[in-house]
Amino acid sequence: MENNNVVVPKGMLEAGNKYLIDHGFNPIVVDNDAEAILKQAKDAVGAILFTEPFTAKTIDQMPNLKVIARHGVGYDAVDYDYAASKGIWVTITPNANASTVAETTLADMFDLSKNITKYAGIMKQGESARPLGFDLAGKTLGIMGFGRIGQLVAEKVSGLGMNVLINSRTPKDTKLGKFVDRETILREADILSLHMPVTEETRHSIGMNEFKKMKKTASLINLGRGALINQDELIEALKNGEIAQAALDVTEPEPLPRDSELYNLDNVLLTPHIAANTVESMTRMAVDAASEVVRVLNNEQPQWPVNHID
């Protein structure tokens, strides 16, 4: 009997499982870690993953694997180069969550500028303090990383009367903002929003050196990856007033340990990696990831690979 088993993570919406079944594959639902995958489905020919690490050691124990499909856009937790050396495609779902994450970026901007979450907490505690927020109109938004999400953020803020500055390794022609160098965007941004991928160049690239260049009134938003920021230096900067506040949907590690100082800072808005957590976005990610698995297992080229198979 032909092996048609595909690992799918517990919590993936049923639309992804249905797509696999409709195309003749058998989804095996497992907990979101390598140990569970190897225990329940080490013979699988395909795997759909959330954000859990997938290392060379795991790959070596799955001899039939042909495709690893990320349920999302980040792939730094997968050893994609080693996978390629073993003839295994690694794919992402770049079109599934970009608009949703861009919307959540705006939600964080509104929350930070108007103290919405802070006011809610004050009110529930029966206190009367009313810290002043700030208008977005007339302020400068800095967007670092101008891929699909960064471009949509710029598009969605176009009606807010903000000055938009952009920094990216690959400048594009756009009327949505002005491309500037790294020093300029750090110096001038009132709100700095991170949308870069994690690479050797960007890992921990936002640290104390960068915070000291930013305005003391500046807000930092990170909906990309926790590894973009030197988290210890961010905590120090927030405590010492190098920058005013931050909104973090991603941390390093995840989940954030309960003893992290970030929980004790009143100038941090923390959310548990929910920027893409809508029914529509999760449905698109599940189906797009499943479609990449089906495409590869039917001996076709994937649409959204991050590695290359010779």
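**View 1. Strands S4 and S5 are joined by three bridges.** Strand S4 covers residues 67–70 and runs parallel to S5. Alanine 69 faces threonine 91 of S5 across this pairing. The model is predicted: local features need pLDDT of at least 70 and side-chain atom pairs count only at pLDDT 80 or more, while totals for chains, interfaces and linings use all residues. Residues are numbered from 1 along each chain as its sequence is written, and side-chain values use heavy atoms, with hydrogens and water left out.

**View 2. Five strands make an open sheet with parallel pairing.** The order is S2-S1-S3-S4-S5. Strand S2 (26–30) and strand S5 (89–91) are at the edges with a single partner strand each, so one side of each has no neighbour in the sheet. On average, neighbouring strands are turned by 20° against each other, direction ignored. Axes are lines fitted to C-alpha atoms, for helices over the stretch in contact, and angles run from 0 to 180 degrees between N-to-C directions. Two strands pair if DSSP finds at least two bridges between them; strands (E, at least two residues) and helices (H or I, at least four) are DSSP runs numbered from the N terminus.

**View 3. Lysine 18 and aspartate 22 form a salt bridge.** Their closest N and O atoms are 2.7 Å apart. Both residues belong to helix H1 (residues 14–22) and are four residues apart, about one turn of the helix. A salt bridge here is a side-chain nitrogen of Lys or Arg within 4 Å of a carboxyl oxygen of Asp or Glu. The whole structure has 12 salt bridges.

**View 4. Lysine 239 forms a salt bridge with glutamate 261.** The closest N and O atoms lie 2.8 Å apart. This pair links distant parts of the chain, with lysine 239 in helix H10 (residues 231–240) and glutamate 261 in the loop between S11 and S12, 22 residues apart. Lysine 239 is partly exposed at 47% relative accessibility, and glutamate 261 is partly exposed at 38%. Partly exposed lies between buried (under 20% relative accessible area) and exposed (over 50%), with a 1.4 Å probe and protein chains only. Elsewhere, salt bridges with shared partners join Lys212, Lys216 and Glu242 into one network.

**View 5. Glutamate 188 forms a salt bridge with arginine 187.** Their closest N and O atoms are 3.5 Å apart. Glutamate 188 is partly exposed, with a relative accessible area of 31%. Arginine 187 is also partly exposed, at 44% relative accessibility.
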